[in-house]
Amino acid sequence: MFTKMALGLTTALALCLPASAESLRLSHNTGDTTTWQQGADKFAELLAAETGDEYEVRVFPNAQLSGGDQMKQAEMTGRGAIDLVLTSAINVTPLAPEMAAFSLPYLYADYDAVDRTTAGKAGDKMEEIMAGHGIRILAWGENGFREVTNSKHPIKSPEDMNGLKMRVAGPMYIDVMNDLGANPQQMQWTETFPALQQGVVDGQENPIGAVIIPQRVYEVQKYITPWHYSYDPLFLGISKEKWDGLDDETRAQFQKAADEAMAYQIEISREATAEGLEFLKEQGMEVYEPTPEDLAAFKEATQPSFDKWSEQIGADIVKLFTDEASAQ
């Protein structure tokens with residue numbers, strides 16, 4: 001009798017206790033001081049709140065889950081080895097070359113042009129393409145406009161890039177740097193700071209608010225030119241395998257958390273960028289703000305890369321992007 005009562009009590013207690021949260025792993029490219037990390041943390045916080053703590057998101061910075069290989073994260077997410085990924089479009093181009101459309105040199109004039117593509121048909125098309133690689137894009141975030149820094153001299157013209165050893169993130173940027181006469185070196189972000197510190201490379205190109213300031217690039221670089229030559233969006237994606245296993249109510253909770261988290265991430269990235277140049281000046285960086293004539297020269301010099309990558313991406317997709325970016 002006692003045994004039956006004890007078993008009954010144990011069962012009743014078990015039914016009353018909350019089930020343990022399902023743990024999900026989210027991988028992103030950069031360090032834990034960046035707006036990438038803040039966006040990922042916000043998503044974890046919001047998803048826990050939306051689902052009553054049914055899901056716990058564990059965030060892994062610096063592409064830890066893919067051995068530091070930031071390009072491999074998307075492929076691992078697509079096959080279900082990673083649950084969630086926060087990465088940038090340029091970092092998935094080995095898997096989906098069409099995503100390079102976002103980063104074509106001098107495609108965008110301003111943030112409004114960017115937002116028209118991520119929120120429009122261009123963004124929809126990229127979401128469709130990534131779904132074909134096993135990733136459902138939940139929401140778009142922001143890495144930002146990529147600005148050039150170096151330790152040698154101010155960059156005011158394409159000729160100033162000649163011979164500089166430049167760290168780049170992906171194949172398209174290799175072509176752009178070659179157009180400018182630089183010597184591009186592709187490497188993982190985790191390798192970049194020591195490479196800059198030791199003079200293995202002279203410079204790099206990255207957004208101010210999302211990377212240059214939080215990753216303290218100003219400690220190893222003297223000169224910056226905000227040339228806005230390429231834009232790089234983030235996206236928060238979930239393994240399609242994981243997504244397909246969720247019911248409609250839970251999917252809505254994931255979507256709401258992702259939308260709010262990425263809106264927050266974009267907001268803090270743009271705020272940090274707006275204040276960034278003054279901060280970098282205070283840290284001892286020399287800022288050269290290019291004139292419209294300077295930018296026209298850079299645009300002309302990088303046109304071969306624009307044309308080459310437009311062919312690889314596809315004329316229809318490039319037209320979709322250029323139309324939405326230039327719409328009024």
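Q: In which loop is Arg-216 found?
A: In this predicted model, Arg-216 sits in the loop between α8 (208-212) and β8.

Q: Why is Arg-216 called partly exposed?
A: Its relative accessible area is 43%. Buried needs under 20%, and exposed needs over 50%. Arg-216 falls in between, so it counts as partly exposed.

Q: What puts His-228 in the partly exposed class?
A: His-228 has 36% relative accessibility. The class runs between the 20% and 50% cut-offs, so His-228 belongs to it.

Q: Where does His-228 lie, in a strand or in a helix?
A: His-228 lies in strand β8. Its phi is positive, near 50°, and the residue is not a glycine. His-228 is also one of the residues lining the largest pocket.

Q: What volume does the largest pocket have, and which residues line it?
A: The space comes to about 240 Å³. The lining includes Tyr-106, Leu-107, Tyr-108 and Ala-109. Pro-226, Trp-227 and His-228 are also among the lining residues. Further members include Pro-290, Pro-292, Leu-295, Ala-296 and Lys-299.

Q: Which elements supply at least two residues of the lining of the largest pocket?
A: β8 (223-239) and α11 (292-301) do. Helix α11 gives the most, with four residues.

Q: How do the residues of that lining of the largest pocket divide by class?
A: There are ten nonpolar, one polar and one charged. Lys counts as charged, so Lys-299 is the charged member.

Q: Why does Leu-295 count as partly exposed?
A: Leu-295 has 28% relative accessibility. Buried would need under 20%, and exposed over 50%. The value lies in between, so Leu-295 is partly exposed.

Q: Which residues does Leu-295 touch, not counting those up to four places away in sequence?
A: Leu-295 touches Tyr-106, Trp-227 and Pro-290. Leu-295 itself is found in helix α11. Ala-44 lies 40 Å from Leu-295, C-alpha to C-alpha, and 251 residues apart in sequence.

Q: How much space lies in the second largest pocket, and which residues are closest to its centre?
A: About 200 Å³ of space lies there. The second largest pocket is lined by 13 residues, and Asp-115, Thr-118, Ala-119, Trp-140 and Ile-266 are the closest to its centre. The elements giving two or more lining residues are α4 (111-118), β4 (135-150) and α10 (248-282). Strand β4 gives the most, with five. By class, this lining has seven nonpolar, two polar and four charged residues.

Q: What is the count of cavities of 30 Å³ or more?
A: The count is one. The largest cavity holds about 90 Å³ of space. A cavity is a set of points where the probe fits but cannot get out, whereas a pocket is open.

Q: Which residues lie nearest the centre of the largest cavity?
A: Thr-30, Gln-70, Asn-91, Arg-167 and Asn-206 do, out of 13 lining residues. By class, the lining has four nonpolar, six polar and three charged residues.

Q: Which residues of helix α6 are buried?
A: In α6 (residues 171-179), Met-172, Tyr-173, Asp-175, Val-176 and Met-177 are buried. Their cover includes β4, β5 (165-168), β6 (183-186), β7 (203-206), β8 and α12 (303-313).

Q: What follows α6?
A: Gly-181 follows, with a positive phi near 85°.

Q: How many helices and strands does the protein chain have?
A: The chain has 13 helices and nine strands.

Q: Why is the protein chain called as compact as a globular protein of that length?
A: The radius of gyration is 22 Å. The globule rule gives 20 Å for 328 residues. The two values are close, so the chain is as compact as a globular protein of that length.

Q: What share of the 328 residues counts as buried?
A: The share is 53%. Among contacts with a separation of 6 or more, 76% join residues 24 or more positions apart. The accessible surface comes to about 14,300 Å², and 50% of it belongs to carbon and sulfur atoms.

Notes: Residues are numbered from 1 along each chain as its sequence is written. This is a predicted model: local features need pLDDT of at least 70, side-chain atom pairs count only at pLDDT 80 or more; totals for chains, interfaces and linings use all residues. Side-chain values use heavy atoms; hydrogens and water are left out. On a 1 Å grid over the protein atoms alone, a cavity is a set of points where a 1.4 Å probe fits but cannot get out, and a pocket is an open set with protein on both sides within 12 Å along at least five of seven lines; lining residues have an atom within 4 Å of a point. Grid points are joined across faces, edges and corners, and a volume is the space filled by probe spheres set on the points. The radius of gyration is taken over C-alpha atoms; the globule rule is 2.2 Å times the number of residues to the power 0.38. Buried means under 20% relative accessible area, exposed over 50%, partly exposed in between (1.4 Å probe, protein chains only). Contact means heavy atoms within 4.5 Å. Accessible areas come from the Shrake-Rupley method with a 1.4 Å probe; for residues, only the protein chains shown count as cover.
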